[in-house]
Amino acid sequence: MNRRLSLTVAGLTIGLVMTQAFQNCAQPFELASLSGDSNASMGAEHPGNAVATPSIQSPVLVNRVYINSLFNDVFLTSTSAAAEKTTLTNILNTWIYLKTSAFGYPCDPKSGVNDCGGTIVAPMNTGTNTLRAAFKSQACQSVLSQDVFVNNFVSKVSVVGAAPTATSLENAFGMFYRGDDADPGLIQGLMASDRAMYEQNPQISARDRWRYLILAICESTGWEQL
């Protein structure tokens, strides 16, 4: 047998072997597709058979610097006296600004040694937790216990001394929820709560009605989410 014929026979032999091999490999998959059992061919350990686990991601919340700035903008006016500013600063330092572990943002070197005690240990952002919620609630209550801060807030959304309205409550909502429109159902709920409060005590002042409503918005969690 010459060299060319030998190569031809060898080539045909290899071709037949490979064809048979592919047919043998394909057979389990063909059988599996007919039987409808993918595990027969791929096995339980195949990634396609794994049960997907949904990922969980906590919302990113604003840090202490943002809250400090927001409260100053909301509860102070351009004519606020130095004493008002000092009072607000003390409240925020007590419940927000120096609570770095709860509200995040590392030490600010510009604020001096009182900020974080000079140790950078706080994260940039923190998640939701009971301690953070408690501190924020204390800050809201402490600020709104001062009549001057209630009046300052109301002056930006309505007329001081006037009872809350749907429009003024929408404005109040926007003071905390920057760029977000209030859900009509939420405003209706706040109005219903105000009516119930007034019916229970017709002598309640407009300022105290506003105090309660601002507190409800301040203590809500949505405005903290980025």
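## Exercises on a predicted model

At 14% relative accessibility, Phe135 counts as buried (under 20% relative accessible area; exposed is over 50%, partly exposed in between, with a 1.4 Å probe and protein chains only). The model is predicted, so local features need pLDDT of at least 70 and side-chain atom pairs count only at pLDDT 80 or more, while totals for chains, interfaces and linings use all residues. Residues are numbered from 1 along each chain as its sequence is written, and side-chain values use heavy atoms, with hydrogens and water left out.

**Exercise 1.** State which residue pairs its ring with Phe135, and classify the pair.

*Solution.*
- Rings of Phe, Tyr and Trp (its six-membered ring) pair if their centres lie within 6.5 Å; planes under 30 degrees apart are stacked, over 60 edge-to-face, and the rest tilted. The count comes to nine aromatic pairs.
- The ring centres of Trp95 and Phe135 are 6.2 Å apart and the planes are at 40°, so this pair is tilted.
- Trp95 belongs to helix H4 and Phe135 to helix H6, so the pair ties together parts 40 residues apart in sequence. Helices here are DSSP runs (H or I, at least four residues), numbered from the N terminus.
- Trp95 is partly exposed, at 24% relative accessible area.

**Exercise 2.** Describe the aromatic pair of Phe176 and Trp223.

*Solution.*
- This pair is tilted, with 5.5 Å centre to centre and 50° between the planes.
- Phe176 is in helix H8 and Trp223 in the segment after H10, 47 residues apart.
- Phe176 is buried, with a relative accessible area of 1%; Trp223 is buried as well, at 3%.
- Phe176 and Trp223 form one aromatic cluster together with Phe71, Phe75 and Phe153.

**Exercise 3.** Find the charge that lies over the face of Phe135.

*Solution.*
- The rule asks for NZ of Lys or CZ of Arg within 6 Å of the ring centre and within 35 degrees of the ring normal.
- Lys99 lies over the face of Phe135, at 4.6 Å from the ring centre.
- Arg64 lies over the face of Tyr97, at 4.5 Å from the ring centre.

**Exercise 4.** List the buried residues of H10 and name helices that cover them.

*Solution.*
- H10 has 14 residues.
- Its buried residues are Ala206, Arg209, Trp210, Arg211, Leu213, Ile214, Ile217 and Cys218.
- Their cover includes H3, H6, H7, H8 and H9.

Conventions
Helix = DSSP H or I, 4+ residues; strand = E, 2+ residues; numbered from the N terminus. Expected span 1.5 Å × (residues − 1). Contact = heavy atoms within 4.5 Å.
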